[in-house]
Amino acid sequence: MFIYKGVLLPYPSNNLVLDLVLLLLFLGVEPLRIFYGWKGNLCEHSLALCVSLLMLLPSVTLAVYFMLLQTFVLLLEFILAAVLLCLHSLHLLMGLFTLSSFSRSQVY
């Protein structure tokens, strides 16, 4: 979509560079968040799950940026970011439930 917006819309070059840098940052944060959540859930490590839940903060911030604060926001981007925010809220809720169950489990 950035190629579409960069070619067809009068996108200022500074804003296009900023949006692309933030997209690359988003592409770096999301896999780390998913990896730590996956590893924390499989190994039942509370620390990895906490790191995954803390990684939600930059991920949600970037999703809100791409949903509302870009120079040009397409309807498809708005819808995809709204779905992503719903999934992030579900991840937060399920992560907190999982974290509480890990803290209550007895270690032998």
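Apart from neighbours within four places in sequence, A81 is in contact (heavy atoms within 4.5 Å) with A63 and M67. A81 itself sits in helix α5, where helices (H or I, at least four residues) and strands (E, at least two) are DSSP runs numbered from the N terminus. With a relative accessible area of 7%, A81 is buried; here buried means under 20% relative accessible area, exposed over 50%, and partly exposed in between, with a 1.4 Å probe and protein chains only. A81 and V7 are 74 residues apart along the chain, and their C-alpha atoms are separated by 22 Å. The model is a predicted one, in which local features need pLDDT of at least 70 and side-chain atom pairs count only at pLDDT 80 or more, while totals for chains, interfaces and linings use all residues. Residues are numbered from 1 along each chain as its sequence is written, and side-chain values use heavy atoms, with hydrogens and water left out.

Stepping back to the whole chain, the protein holds five helices and zero strands, and from the N terminus on its elements follow the order α-α-α-α-α. The radius of gyration is 17 Å, well over the 13 Å given by the globule rule for 108 residues, so the chain is more spread out than a compact globule. That radius is taken over C-alpha atoms, and the rule is 2.2 Å times the number of residues to the power 0.38. Along the principal axes, the C-alpha atoms fill a box of roughly 65 × 20 × 15 Å. Of the 108 residues, 28% count as buried. Among contacts with a separation of 6 or more, 66% come from residues 24 or more positions apart. The accessible surface comes to about 7,200 Å², and 77% of this belongs to carbon and sulfur atoms; the areas come from the Shrake-Rupley method with a 1.4 Å probe, and for residues only the protein chains shown count as cover. As for charge, the mean positions of the 4 positive and 4 negative charges are 9 Å apart. Lys and Arg count as positive and Asp and Glu as negative, with His and the chain ends not counted, and each charge is placed at NZ of Lys, CZ of Arg, CG of Asp or CD of Glu.

As a reminder, an α-helix has 3.6 residues a turn, so residues three or four places apart point the same way.

R33 lies in α2, which covers residues 13-43, and is buried at a relative accessible area of 8%. Beyond four places in sequence, R33 is in contact with S52, M55, L56, S59, H88 and H91.

The loops on either side of α2 complete the account. In the loop between α1 (2-8) and α2 lies L9, which counts as partly exposed at 25% relative accessibility. L9 touches Y4 and F72, not counting residues up to four places away in sequence. L9 and F72 are 63 residues apart in sequence and 8.3 Å apart in space, C-alpha to C-alpha. In the loop between α2 and α3 lies E44, an exposed residue with a relative accessible area of 52%. E44 has a positive phi of about 55° although it is not a glycine. Most residues other than glycine have a negative phi.
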